[in-house]
Amino acid sequence: MTDFFNPTSTKAWKDCRLLTGVAGQNVIPDGVIVAQNGRITYAGSADDAPALDGVAEVFDLDGCLVTPGLIDCHTHTVHGGHRAREFEMRLDGANYVEIAQAGGGIMSTVRATRELSVDQLIAQALPRLDALLAEGITTVEIKSGYGLTIETELDMLRAARRLATHRDVRIVTSFLAAHAVPEEFCGRKQDYLADVVLPALDQAHAEGLVDAVDGFCEGIAFTADEMAQVFDRAAALGLPVKLHAEQLSQSGGTKLAASRGALSADHLEYIEDADAAALAASGSVAVMLPGAFYAIRETRKPDIDALRRHGVAMAIATDCNPGTSPLTSLLLGMNMAATLFGMTVSECLAAVTLNAAKALGLEAETGTIEAGKSADLAVWNCETPAELVYRMGFNPLERRIFKGKTL
Ligand code: DI6
Ligand code: FE
């Protein structure tokens, strides 16, 4: 008998308040979810559910709220060391760009990351990953970008891939060698692109380490024209792209990303109306990173109204990184996006489920609780979805379910 017909692989969860995350669907008061071999076969009201008599394991959720497993679609979870000293410098009045120009910033994390083996990178990333998982996350995107040599960029991606063998979570990788110009290439940005970024991308792709190609398009990093060279190579390899864009200034990154049909454009504090229109036309997701906005005390907010008006899908992510967003709570990220940026509760929930899945090209696999998708669920000890957004520093997770497995 094949696995498919094996009744022991069928599971059901009942007596829950079910937020499927399907657009326009409200909480279903008496919800049932059925899954076979880790894939959802039914999700909806108990009234319409199939009989559960033959189901091997039926879990009673005692009225808990169930949402799709949360998705953190933009993180730098793999990196060496920390930047608490830099945090103190900022408290003393220095700003992010000044610290970067003084040799701190990204380069100090690059130095720390280069010293670590893949095993050590994994060991340092695990506590951060565990903090995310403790809040019901079932998919995490992780970028390279703190190695900036061919070998150390590959090592970061190897560490990211291997994290999925240490924990029950789906890991998606992004290649981010175009994050900063390392010291040894100071004043030779073109050489860095030609000698490191492009060959590292070829090699990482050949080893199956890359799910998407990212970059930091900014005054202190790469111009839109420079990023276009990297995106050309990504296109030649058949890899999707995404971009850190308009974080600190208006630099044309969002328009470039949209013109390449990017999965997402991320940060977006300095977008203008035309950028929102471009994202709408390309179907790219706008990823809000309120942790970075908060930590660098940015005052210009992403234009949520423009994104809304143009119908751009919005996601929220932690940006978990040692410099500008040492945040390992996506629940707090939602609270910040609501309080600081004015996103609604339902926008915030879509932003960490369906829209985050879209930002990773995974909307057919996860992000909503629907027949055909992976049974990735978060079970919460709360009554309403708004409770997930309004609290600060409280974690109501009851349990996490990944591919039908209770964790
Ligand atoms: N934007 C950010 O906020 C992070 N990277 C990026 O491109 C900051 C990275 C760092 O300061 O370590
Ligand atoms: Fe980032």
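A: Happy to! Let's begin with His-76, which is buried because its relative accessibility is 2%; buried means under 20% relative accessible area, exposed over 50% and partly exposed in between, with a 1.4 Å probe and protein chains only. This is a predicted model, in which local features need pLDDT of at least 70 and side-chain atom pairs count only at pLDDT 80 or more, while totals for chains, interfaces and linings use all residues. Residues are numbered from 1 along each chain as its sequence is written, chains are lettered from A and ligands numbered from 1 in the order in which they are written, and side-chain values use heavy atoms, with hydrogens and water left out.

His-76 (NE2) coordinates the iron ion (ligand 2) together with His-74 (NE2), His-244 (NE2) and Asp-319 (OD), at 2.1 to 2.3 Å. Donors here are N, O and S atoms within 2.8 Å of the metal (3.2 Å for Na, K and Ca), and sites may look incomplete because water is not among the atoms.

The angles subtended by the four donor atoms run from 80 to 164°, so the arrangement is irregular.

Along the sequence, the donor residues follow the spacing H-x1-H-x167-H-x74-D. His-76 sits in the loop between strand 6 (70-72) and helix 1 (84-91), and His-244 in strand 11 (residues 242-245), so this pair ties together parts 168 residues apart in sequence. Those helices (H or I, at least four residues) and strands (E, at least two) are DSSP runs, numbered from the N terminus. Like His-76, His-244 is buried, with a relative accessible area of 4%.

Conventions:
Tetrahedral: all angles 85-135°; square planar, octahedral: opposite > 155°, others 65-115°.
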